[in-house]
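I am opening a notebook on this structure. Each entry records what I looked up and what I found.

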Amino acid sequence: MNDRHNVAVITDAHLRQVDTDENSPQITIDMDAEKVRSHIAEGDEFVGDMNCKTGVRISGTVRGSVKCETGAVVLESTGHVTGSIVGQDKIFIDGKVGNEEGDPGTKITSPGLITLMTNAIVNADIEYGKMATYGDMTHNGNSRKIQPTR
């Protein structure tokens, strides 16, 4: 295995395989099971706040915040969200959140699971029900456990 995260399509069933370094487990994200219905493609830019009924996969840039009522938020290694991310289920971060100046209002919040993967660069506070980190991810901010969903 290589020493960098690699998100790659492995089947037409929208499974995403995340390869970590040899000391980290392999993560597979089933986009259908995680209710991911929207996609911001690599090279695309969305300006404004996104409010989604279901999950979203972000490979491009969102210049604003992302909020999902259900489903997962999947921020791939090429993705960047400049504002906050709020999800009720799971949030997978392998890209960049916030900016280098560290806007004090930027947060990642989920009463579910937040996963920071190897390429994650998070310049934001994190409020989580459960949290997992892998590899050389970077987190500049505070973290606080909140009541998880049951």
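**Entry 1: the whole chain**

I started with the surface: the accessible area of the protein is about 7,600 Å², and 44% of it belongs to carbon and sulfur atoms. Such areas come from the Shrake-Rupley method with a 1.4 Å probe, and for residues only the protein chains shown count as cover.

I noted the ground rules next. This is a predicted model, where local features need pLDDT of at least 70 and side-chain atom pairs count only at pLDDT 80 or more, while totals for chains, interfaces and linings use all residues. Residues are numbered from 1 along each chain as its sequence is written, and side-chain values use heavy atoms, with hydrogens and water left out.

I looked up burial. Of the 150 residues in the protein, 47% are buried. Buried means under 20% relative accessible area, exposed over 50%, and partly exposed in between (1.4 Å probe, protein chains only).

I looked up contacts, meaning heavy atoms within 4.5 Å. Among those between residues at least 6 apart in sequence, 19% join residues at least 24 apart.

**Entry 2: strands and sheet**

How many helices and strands are there in the protein? I found zero helices and 19 strands. Both are DSSP runs numbered from the N terminus: helices are H or I with at least four residues, strands E with at least two.

I then traced an open sheet of six strands. Its order is β5-β8-β11-β14-β16-β18, and the pairing is parallel. Strands β5 (45–47) and β18 (138–139) stand at the edges with a single partner strand each, so one side of each has no neighbour in the sheet. Two strands pair if DSSP finds at least two bridges between them.

Strand β11 (residues 80–81) runs parallel to β14 (residues 96–97), and two bridges join them. Val81 has Val97 in β14 as its bridge partner.

I also followed β17 (125–133). Strand β15 (residues 107–116) pairs with β17 in the parallel sense over eight bridges. There, Ser110 has Tyr128 of β17 as its bridge partner. Three bridges join β17 to β19 (residues 143–145), again parallel. Ile126 stands opposite Ser143 in β19.

**Entry 3: the cores**

I looked up nonpolar cores. Each is a set of buried Ala, Val, Leu, Ile, Met, Phe, Trp, Tyr and Cys residues joined through side-chain atoms within 4.5 Å.

Which residues touch the most other members of the largest nonpolar core? They are Val66, Ile85, Ile93, Ile108 and Val122, out of 23 residues. The elements giving two or more residues to this core are β6 (50–52), β7 (55–58), β9 (66–68), β10 (73–75), β13 (90–93), β15 and β17. The largest share, three residues, comes from β15.

A second, separate core has nine residues, including Ile29, Met31, Val36 and Val74.

I listed the contacts of Val122, leaving aside neighbours within four places in sequence. Val122 touches Ile93, Val97, Ile108, Leu116, Thr138, His139 and Asn140.

**Entry 4: Asn123**

Where does Asn123 lie? Asn123 is in the loop between β16 (121–122) and β17. Asn123 counts as buried because its relative accessibility is 9%. The side chains of Asn123 and Asn140 make a polar contact (2.8 Å). That term means a pair of N or O atoms within 3.5 Å; within protein, one must be able to donate a hydrogen and the other to accept it, and residues adjacent in sequence count only if both atoms are side-chain atoms.

Beyond four places in sequence, the contacts of Asn123 include Lys96, Gly98 and Thr106.

**Entry 5: salt bridges**

I searched the whole structure and found six salt bridges. Each puts a side-chain nitrogen of Lys or Arg within 4 Å of a carboxyl oxygen of Asp or Glu.

Arg63 and Glu45 form one of them (2.8 Å, N to O). Arg63 is in β8 (residues 61–63) and Glu45 in β5, 18 residues apart. Arg63 is partly exposed at 42% relative accessibility, and Glu45 is partly exposed at 48%.

Glu127 and Lys107 form another (3.3 Å, N to O). The pair links β17 to β15, with the two residues 20 apart. Glu127 is buried at 14%, whereas Lys107 is partly exposed at 32%. Salt bridges with shared partners join Lys107, Glu127 and Arg144 into one network.
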